[in-house]
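This report covers a protein model with its sheets, helices, chain contacts and backbone details. The sequence and structure come first.

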2 protein chains.
Amino acid sequence: MKLLEDRIRRDGVVLPGEILKVDSFVNHQIDVPFMNELAGEFYRLFANEKINKILTIEASGIGIACLTALRFNCPVVFAKKSKSSNIGDDLYRTEVYSYTHGNVNNVVVSKKFLNAGDKVLVLDDFLATGNALVGLIDLCDQAGAEVLGCGTVIEKAHQGGRERISRRCRVESLAVIERMDESGIVFAE
Amino acid sequence: MKLLEDRIRRDGVVLPGEILKVDSFVNHQIDVPFMNELAGEFYRLFANEKINKILTIEASGIGIACLTALRFNCPVVFAKKSKSSNIGDDLYRTEVYSYTHGNVNNVVVSKKFLNAGDKVLVLDDFLATGNALVGLIDLCDQAGAEVLGCGTVIEKAHQGGRERISRRCRVESLAVIERMDESGIVFAE
């Protein structure tokens, strides 16, 4: 998506360790009018699927998930990264290793909000190793919910994520980064 | 807002300790089409202010903040609850005690995204003791940003929050709970 590639070139900051900071418009400050354009693209890509729920993970997936859900006229469920004191015990659980933070998160979702028969679009801001998406798909599997696709805003190719996810479902990333370093970012054709 | 009061009566669950669970539509599953109606009400209430930024706190404020920002055509900044490894050091910091989780969170926002001259609407899902909103206002004060109002989806009256916040700015809650227990919920007139 050219709109997004241009924005990443303009406002993205590449840090050592293949870290791309897009905190000025994606995941700390959220440029909502801009992200709403991306939501429209997710809708275009998945409009023919009978999506009835969008699943994401706190915190940085919530914005794009809500804007996209507005297009699909469906709810969002966001998986939580640790057991909150009043979330209840009736949970699906999985573990997700965070490359960015270097820790393992216990990720949970209430059994009330993922069900057999749900047709789920899984959304997140980044696809790199695929750990977060694999965890979210695992939660859907536990619930017997059907995953109709995964969508991510930015994919970092060559970190293996797409291979892991595309075995299971369609994967759509709005920008795919082939390689990057301090001198620049190269997007996949 | 009657629409919201009806929904809380129907789907809210009162737990001991004056805890109201609204996780089926506000803060675990997000009923996005419904929350979008609430976003419209926040827009109606604050449309005459020259809001250029919405500030909230992760994770449960992000959904309503993004939906409301779409109405104002402005960005959202969400304060983060702990120092992420790549958020940088140039941060405004405050501490927020969480009544729900019984812990103190170090809450931060990058100095890049809150500035003198910003006219901020602070949004969150709940107003009870007011700790989270006081923390968010403190971040705005550190930045020299102007807080034009605070909006919350649900206010639990008699926990002192409104008194603390209304000294500083206008407070609008879409539903105000006067009292509640397992037998029912009474809203303020």
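Strands β5(A) and β3(B) pair in the antiparallel sense, over two bridges. Val76(A) has Ile30(B) in β3(B) as its bridge partner. The model is a predicted one.

**The sheet ending in β3(B)**

This pairing belongs to an open sheet of seven strands with mixed pairing. The order is β11(A)-β10(A)-β9(A)-β8(A)-β4(A)-β5(A)-β3(B). At the edges stand β11 (184–187) of chain A and β3 (29–30) of chain B. Each has a single partner strand, so one side of each is left without a neighbour in the sheet.

Within chain A, strand β4 (residues 53–57) and strand β5 (residues 76–79) pair in the parallel sense over four bridges. Ile57(A) stands opposite Ala79(A) in β5(A).

Helices pack on this sheet. Helix α1 (residues 2–11) of chain A touches β9 (146–156), β10 (171–181) and β11 of chain A. The direction of α1 makes about 165 degrees with that of β11(A). Helix α4 (residues 131–143) of chain A also packs on the sheet, touching β4, β5, β8 (119–127) and β9 of chain A. The direction of α4 makes about 165 degrees with that of β8(A).

**The sheet ending in β3(A)**

Another open sheet, again of seven strands with mixed pairing, has the order β3(A)-β5(B)-β4(B)-β8(B)-β9(B)-β10(B)-β11(B). Its edges are β3 of chain A and β11 (184–187) of chain B. Both edge strands have a single partner strand, so one side of each is left without a neighbour in the sheet.

In chain B, strand β8 (residues 119–127) pairs with strand β9 (residues 146–156) in the parallel sense, over eight bridges. Lys119(B) stands opposite Glu146(B) in β9(B).

Helix α2(B) lies across β8, β9 and β10 (171–181) of chain B and runs at about 140 degrees to β9(B). Helix α3(B) lies across strands of both chains: β3 of chain A, together with β4, β5 (76–79), β8 and β9 of chain B. Its run is at about 175 degrees to β4(B).

**The interface**

The size of an interface is often given as the accessible area lost when the parts come together. Chain A and chain B bury about 3,300 Å² between them, with 63% of it on carbon and sulfur atoms. In contact are 42 residues of chain A and 42 residues of chain B.

Two salt bridges are counted between chain A and chain B. In a salt bridge between the chains, the side chains of Asp23(B) and Lys112(A) meet at 3.6 Å, N to O. Eight residue pairs are in polar contact across the interface.

On the side of chain A that touches chain B, at least two residues each come from β2 (19–21), β3 (29–30), α2 (32–46), α3 (62–72), β5 and β7 (103–110) of chain A. The largest share, six residues, comes from α3(A). By class, that side of chain A has 20 nonpolar, 15 polar and seven charged residues.

**A salt bridge within chain A**

Over all chains the count comes to 26 salt bridges. One of them joins the side chains of Lys53(A) and Asp118(A) at 2.8 Å, N to O. Lys53(A) lies in strand β4 of chain A and Asp118(A) in the loop between β7 and β8 of chain A, so the pair ties together parts that are 65 residues apart in sequence.

**Helix pairs**

Two packed helices are described by the angle between their axes and the distance between the axes.

| Helix pair | Axes come within | Crossing angle |
|---|---|---|
| α1(A) and α2(A) | 10 Å | roughly 145 degrees |
| α1(B) and α2(B) | 10 Å | roughly 145 degrees |

In chain B, the contact is made by Leu3(B), Leu4(B) and Arg7(B) of α1(B) with Phe34(B), Glu37(B) and Leu38(B) of α2(B). Those residues divide into four nonpolar, no polar and two charged.

**Backbone details**

Which peptide bond of chain A is cis? The bond from Glu58(A) to Ala59(A) is cis, with omega near -5 degrees. Ala59(A) lies in the loop between β4 and α3 of chain A. In chain B, the peptide bond from Glu58(B) to Ala59(B) is cis, with omega near -5 degrees. Ala59(B) is in the loop between β4 (53–57) and α3 (62–72) of chain B.

Asn73(A) is not a glycine, yet has a positive phi of about 55 degrees. Asn73(A) sits in the loop between α3 and β5 of chain A.

How values were computed: Residues are numbered from 1 along each chain as its sequence is written. Chains are lettered from A and ligands numbered from 1 in the order in which they are written. This is a predicted model: local features need pLDDT of at least 70, side-chain atom pairs count only at pLDDT 80 or more; totals for chains, interfaces and linings use all residues. Side-chain values use heavy atoms; hydrogens and water are left out. Two strands pair if DSSP finds at least two bridges between them. Contact means heavy atoms within 4.5 Å. Axes are lines fitted to C-alpha atoms, for helices over the stretch in contact, and angles run from 0 to 180 degrees between N-to-C directions. Buried area is the accessible area (1.4 Å probe) that two parts lose on being put together, summed over both. A salt bridge is a side-chain nitrogen of Lys or Arg within 4 Å of a carboxyl oxygen of Asp or Glu. A polar contact is a pair of N or O atoms within 3.5 Å; within protein, one must be able to donate a hydrogen and the other to accept it, and residues adjacent in sequence count only if both atoms are side-chain atoms. Ala, Val, Leu, Ile, Met, Phe, Trp, Tyr, Cys and Pro count as nonpolar, Asp, Glu, Lys and Arg as charged, and the others, Gly among them, as polar.
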